[in-house]
Amino acid sequence: MSDIIINSIIIVSAMGLAAALILFLVAKKFHVVEDPRIEQVEEELPAANCGGCGYPGCRAFAEALVKSEDISDLNCPVSSSADMEKIASILGKELGQQDPLVAVVGCAGTPDHRPKTNVYDGARSCTIESSLYTGESGCPYGCLGFGECVEACNFDAIHMNPETNLPEVNDDNCTACNACVVACPRDIIELRKKNKKDRKIYVSCINREKGAVARKNCKVACIGCGKCVKVCPYEAITLENNLAYIDAKKCRLCRKCAPECPTNAILEVNFPAKKKKEATAG
Amino acid sequence: MIKTFPRGGIHPPEDKISAGSPIRELPLPKTVNIPAGQHLGAQADPLVKKGDKVKTGQLIAKSSGFVSANIHSSVTGTVAKVDLIMDSSGYRRMTISINSEKDEWLEGIDTSNTLRKNITAKKEEIIEKTREAGIVGLGGATFPTHIKLSVPKGKKAEVLIINGAECEPCLTSDHRLMLERGEELMVGIRLIMTALGVNKAVIGIENNKPDAISHLQSLIGDYPEIEVQPLTVKYPQGAEKQLIKAITGREVPSGKLPIEVGAVVHNAGTAFAVYEAVQKKKPLIERYVTVTGKNLSTPSNFLVRIGTPVAELIEAAGGLPEGTGKVVNGGPMMGKALNSLDVPVTKGTSGILVIPEEKSFRKPALNCIRCAKCVSICPMGLEPYLLRAASEHKKWDMVEAERGMDCMECGSCSYICPSGIPLLDFIRLGKSTVSKIIRSRKQ
């Protein structure tokens with residue numbers, strides 16, 4: 001009886017030792033040397049895994065930062081510039097010049113501007129509605145208002161305004177991670193250069209239809225008249241496919257274009273009120 | 001013996017109120033808007049410009065690829081514009097707008113009603129004439145017919161199935177076509193059989209059309225190779241794979257085409273169009289359209305020129321009744337609501353449905369109660385509740401693994417759901433995303 005017990009113990013121990021030896025040798029043989037800096041860099045990253053850098057998660061971005069020679073094109077939109085400096089100092093590499101960006105909603109078609117012409121009672125999803133038809137207002141470019149951008153945001157930076165039925169971006173929370181831009185089936189949201197005091201001037205319309213057609217569906221549509229292009233002293237505004245576009249990199253916020261717009265499609269945000277010209281704008 | 005497909009299916013109210021009204025020719029419209037993309041595949045390239053004079057039957061847009069189809073003018077007149085014009089979804093698409101002046105057909109087209117029974121055309125000639133005439137599947141899918149007529153190398157067609165099921169409720173245009181143009185249909189079937197090289201054809205008709213069944217049965221004496229098969233009234237009996245299963249008992253494998261089991265399915269309307277193209281040299285510029293609705297004063301079946309505004313069809317059927325909530329292009333199951341009545345009739349328009357306001361809206365969607373009704377009625381054996389959840393939560397790999405791509409969008413699941421969940425909307429979203437993923441994988 002005791003033989004069986006002793007034999008069992010010996011056999012099992014021997015098997016355990018043999019297996020341990022194999023595991024030890026294999027671990028030695030196939031040992032992967034990982035750069036310890038990857039761990040260090042990853043700790044400095046925000047762990048939001050939002051994908052705003054273009055890599056699948058913070059770990060992959062940390063690997064990319066460590067492995068690439070030149071990191072001037074790599075940027076984590078969520079990290080502050082101080083955090084990025086710290087990462088650069090760990091790696092001993094030069095950071096590129098990155099303008100801070102912010103998400104901007106390119107549609108201002110509130111129910112008042114864009115009355116409903118029909119009723120949609122299908123699935124509550126922008127992507128589905130957009131794939132079926134132009135939407136309740138008839139504007140084939142405008143916001144559909146089910147808030148897929150809101151769902152996509154990890155930072156609580158975009159909300160639907162129940163009065164206008166349009167999404168609004170909280171500039172302080174927005175990290176320009178690009179998630180809302182990808183989520184929007186109509187490509188209404190754009191990342192634009194962030195200016196001092198969150199000031200911005202932009203065309204809040206992406207309708208590329210001819211002026212009369214666009215205007216019929218929405219009172220604040222860009223009609224492609226080109227007045228803003230003529231008035232801009234910095235050649236920041238281009239007109240293509242009946243739609244004006246203000247290049248945020250060239251724009252110096254001189255505010256000459258907005259009063260020219262006959263449909264008020266150019267929005268000025270966070271500027272102090274103008275004293276004299278306010279009368280001519282309306 | 002009456003046959004049917006074994007799995008799933010539903011039986012919505014038939015409402016075929018226009019079945020007894022003979023086909024009437026709609027008066028020529030003043031303007032026609034002919035979209036350049038009326039078929040599945042690449043949009044045709046417009047050949048005309050503003051100010052050009054065109055004749056009825058003249059080629060105005062040329063097929064632009066392998067899966068594409070020619071477009072012909074349906075009236076005689078002057079091209080008013082070639083521009084982006086709103087289609088039934090509200091989006092703007094390339095459209096040729098023609099002001100109609102008279103009805104002068106291009107030379108060589110036989111516009112008489114005399115039956116031309118004698119078939120002289122060979123296989124290649126039939127396929128070429130079908131291609132030239134711009135014929136597409138008239139059941140609604142609008143797949144270019146000439147591609148389906150040429151059997152791929154290494155495959156063999158054994159049986160031609162003609163779809164006369166007309167399983168969508170309300171629609172009656174195929175029913176009237178079989179009753180009134182039965183002889184022509186038979187010749188058309190023979191032409192398709194010649195092109196495919198098969199010696200057997202079966203016409204599948206649901207047995208809620210006994211007059212059509214007996215009429216065609218009286219005609220097959222002269223056509224011993226054609227058979228008429230009555231089918232149980234069950235939706236979606238007219239879906240390609242279900243019809244093949246019902247008639248031949250063969251099941252088309254997942255992701256494969258019907259030719260895999262030796263079957264080719266064409267709609268009855270398509271067979272008639274092939275007859276006209278080959279025997280009469282007539283391109284596809286008109287089609288049969290049902291205009292129906294409970295409140296409409298005269299639900300009718302019309303012979304309509306392609307490009308006629310829908311408003312004119314409704315006018316001819318007694319005008320838009322008061323309290324109309326929705327006008328649908330197609331049948332009540334698979335049709336799409338129209339954004340405007342100015343949109344034109346296209347090659348794929350089988351019916352126009354006028355629905356009163358109280359029946360126009362869906363119930364608000366409630367939670368899924370796991371009753372599995374959608375599972376039991378899905379004719380493809382899918383699990384719609386699961387596909388919808390996967391789609392809603394963007395689990396695209398799951399949509400693919402659960403065979404979401406096999407869904408043919410018949411809408412039975414949304415119809416049966418006691419919670420009013422728009423299952424099909426979500427499955428469609430899943431399908432379109434997965435097909436994009438599959439395409440990018442191939443590149």
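**Exercise 1. Domains of chain A**

Task: In this predicted model, determine what distance separates the centres of domain 1 and domain 2 of chain A, and state how many residues each domain gives to the contact.

Solution: 
1. Taken over C-alpha atoms, the centres of domain 1 of chain A and domain 2 of chain A are separated by 31 Å.
2. The bounds of these domains in chain A are 36-91 for domain 1 and 101-273 for domain 2.
3. To the contact between them, domain 1 of chain A contributes six residues and domain 2 of chain A contributes seven residues.
4. On the side of domain 1 of chain A that touches domain 2 of chain A, four residues are nonpolar, two are polar and none is charged.

**Exercise 2. Contact between the chains**

Solution: 
1. Contact requires C-beta atoms, placed from the backbone, within 7 Å.

**Exercise 3. A sheet in chain B**

Task: Determine which strands are the edges of the four-stranded open sheet in chain B, and which residue is the bridge partner of B:V32.

Solution: 
1. The strand order in this chain B sheet is β2-β8-β7-β4, with antiparallel pairing.
2. The edge strands of chain B are β2 (31-35) and β4 (53-54), each of which pairs on one side only.
3. Five bridges join β2(B) to strand β8 (residues 92-102) of chain B in the antiparallel sense.
4. Within β8(B), B:I98 is the bridge partner of B:V32.

How values were computed
Residues numbered from 1 in each chain as written. Chains lettered and ligands numbered in written order. Predicted model: local features only at pLDDT ≥ 70, side-chain atom pairs only at ≥ 80, totals over all residues. Domains from an automatic or database assignment. Contact = placed C-beta atoms within 7 Å. Nonpolar A, V, L, I, M, F, W, Y, C, P; charged D, E, K, R; others polar. Pairing = 2+ DSSP bridges. Helix = DSSP H or I, 4+ residues; strand = E, 2+ residues; numbered from the N terminus.
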